[in-house]
Amino acid sequence: MTDSLTIRDNRTGDEHELTITDGTISAGEFGKATGLAVYDPGFTNTASCRSAVTYIDGDAGILEYRGYPIEQLAEDSTFLEVAYLLIKGELPTKDQYDQWVHDITYHTYVHENIKSLMQGFRYDAHPMGMLLSSVGALSTFYPDAREIADPSTREIQVIRMIAKMPTLGAWAFRHAQGKPYIYPDNDLSYTENFLSMLFRMSEPKYQADPRLVKALEVLFILHADHEQNCSTNAVRSVGSSQVDPYSAVSAGIAALYGPLHGGANEAVLKMLRKIKTKDNIPAFIEGVKEGKERLMGFGHRVYKNYDPRAKIIKKACDDVFEVTGVNPLLEIAQELERIALEDEYFVKRKLYPNVDFYSGLIYEALQFPPEMFTVLFAIPRTAGWLAQWGELVDDKEQKIARPKQIYTGDRTLKFTPAAQRWA
Ligand code: CMC
C-alpha cells in the first residue's frame, strides 16, 4: 500500500497522485496538480502548521501539553512550571526552575508610562480592551523585540510578557473599580502576587487563602494552551508577518475577547441568570433546539466528548465553594448539564460541557465581575501563545499567512465620477 491519494478530475478525466504525509495532503501540491483551491471557512479541516506543543484527541477527550496529560499537570504542577514546559519543550531541572521563577518575578513591574496609559482609559473601560492595548503598547517600550531572529532577545520578551500580564490584568480590574493600582509583591508566588494586586487594600501584606491560590493555579494550568484555536491562530497569523511578539500577542487577546472564544463563560453566567430557576430549564432547552438560542458553555470545534478541562474545573468548584460558599447558580448549571446530556439533540451532535461551562461560576465566587473572566483566560494563555509563536519563528516551512478567496463581487464596471452620478 502506498501513502498516496489518487484524484480524478471528472471534467477532463485527468488523474493526479498526491503524497499523504502525517494524515494530510499538501494543499500546495494539490493546487499545482489540479489547478483547484480548497474552500475551508473557519479552517475546519486545514492543518496550518506542524506543532509539538499541545496534543488533543477530541473524540477521546484527551489534552496533553508536550506529552504530559492535563490531569497530572493540574494535580501536581505549578503554573510557572507548566509555562516553562510549554515554552522550552521539557520539564525544568531544579536550577532551571528556580532561575525561571526568579526571572519572571524580577520582571513583574512595568514602566510608569504604561500605568499612565492605563489610567487614561474611561472609568468603565472593559478590562480586555485595556489589556490588549497595554500589551500592544509594550512593543513601544521594547523596540529590541523586533529582533525576532535573535533567540536571546526572544527569550527576554517571553519572560517579560509572562511576568507583566498579571500586573496589567490586575490594574485593568482596579481601574474599573476606581481603586489605586497595587504594585507587584515579589515575595509572593505568581498567583498569590496576582491576587494581591487585585484585592489588596491598606494591609501591609496580602494573604490569600491557600485553597483559592491552588484553585487559581489549576485554572491557569488548564488555560495555558489549546493548540490551534482562534486566538492562537491569530497570534500565528499576525506573527507570520515577523512583527514583534507584543503585537502578535495583542492580536491573540483581541481574538480571545470574542463571545464564541474566551467570552463564553461570561455568556454562561448571563444564560444561567436568565434561566433563573430549575423549572425554567425545559423551556430553555426547547428554545435552544428550535435555534432561538445557544446553550453557552456547550459544544466545541474539537471535543466531541466531555472537555477534560471541564471535568477538572467541576472538581475545583467544590474546593472554591468550600471557602466562598456555594454559588446559587451551580444548581441550575448541574441540572442543565444533566438534562442536556440526556437529550437527543445534544447527544446526536456530540455537544458536551466545555471549559467555560463551570469556570464562570468559580470566577464569580472569587469576586470577579464577568468582564474580568476573559482576562483570567488571557494571562495563562500568554504562555501557550508564546510557545506557539516561538515554534512559528523557528519553523522553516512557515510563510506569511495569506489565504485565498472565492471572489463573488462584480467585475470591470465602468466608474462614473460622483459629480456626474449625483447630478
Ligand atoms: N447550543 C446549541 N446548539 C449547538 C451548540 C450550542 N452551544 N453548539 C453547537 N450546536 C449545534 C449547531 O447548531 C449545529 O447544529 P446543526 O448541525 O443542526 O446545524 C451543530 O451543533 C454543530 O455546531 P457548529 O456551530 O457547526 O460547531 P462549531 O465547531 O462551528 O462551533 C462552538 C463550536 C464552540 C463555537 C459552538 O459549539 C458554540 O457556539 N458553543 C457555545 C459557545 C461556547 O461555549 N464557546 C466556548 C468554546 S470552548 C472555549 C474556547 O476554546 O474558547
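Reader: Which residues of α17 are called buried?

Author: D356, F357, Y358, S359, G360, L361, I362, Y363 and A365. Buried means under 20% relative accessible area, with exposed over 50% and partly exposed in between (1.4 Å probe, protein chains only). This is a predicted model, in which local features need pLDDT of at least 70 and side-chain atom pairs count only at pLDDT 80 or more, while totals for chains, interfaces and linings use all residues. Residues are numbered from 1 along each chain as its sequence is written, and side-chain values use heavy atoms, with hydrogens and water left out.

Reader: What makes α17 mostly covered, and what covers it?

Author: Of its 10 residues, nine are buried. The cover includes α9, α12 (264-275), α14 (308-324), α15 (329-342) and α18. Helices here are DSSP runs of H or I with at least four residues, numbered from the N terminus.

Reader: What does L392 touch, beyond its neighbours within four places in sequence?

Author: R236, G239, S240 and Q398. Contact means heavy atoms within 4.5 Å. S51 is 341 residues from L392 in sequence, and their C-alpha atoms are 8.6 Å apart in space.

Reader: Why is T140 called exposed?

Author: T140 has a relative accessible area of 60%. The mark for exposed is over 50%, so T140 qualifies. T140 lies in helix α6 (residues 127-141). From T140 to F415 is 275 residues along the chain and 42 Å between C-alpha atoms.

Reader: What makes E227 and K350 partly exposed?

Author: E227 has a relative accessible area of 22%, and K350 has 42%. Both values fall between the two limits, so both residues are partly exposed. Each has a positive phi in a residue other than glycine: near 40 degrees for E227 and near 55 degrees for K350. E227 is in the loop between α9 (210-222) and α10 (230-239). K350 is in the loop between α16 (344-348) and α17 (356-365).

Reader: How do you describe the packing of α5 (residues 112-119) and α7?

Author: Two packed helices are described by the angle and the distance between their axes. For α5 and α7, the axes come within 10 Å and cross at roughly 35 degrees. Axes are lines fitted to C-alpha atoms over the stretch in contact, with angles from 0 to 180 degrees between N-to-C directions. The crossing is right-handed, a label used when the near helix is turned clockwise from the far one by less than a right angle.

Reader: Which residues make that contact?

Author: I114, K115, M118 and Q119 of α5 meet L168, W171, A172 and H175 of α7. They divide into five nonpolar, two polar and one charged. Ala, Val, Leu, Ile, Met, Phe, Trp, Tyr, Cys and Pro count as nonpolar, Asp, Glu, Lys and Arg as charged, and the others, Gly among them, as polar.

Reader: What is the volume of the second largest pocket, and which elements line it?

Author: The volume is about 320 Å³. The elements that give two or more residues to its lining are α3 (79-88), α7 (151-177) and α18 (373-394). The largest share, six residues, comes from α18. By class, the lining has seven nonpolar, two polar and six charged residues.

Key:
1 Å grid on protein atoms, 1.4 Å probe; cavity = no way out; pocket = protein on both sides within 12 Å on 5 of 7 lines; lining within 4 Å. Points joined across faces, edges and corners; volume = space filled by probe spheres on them.
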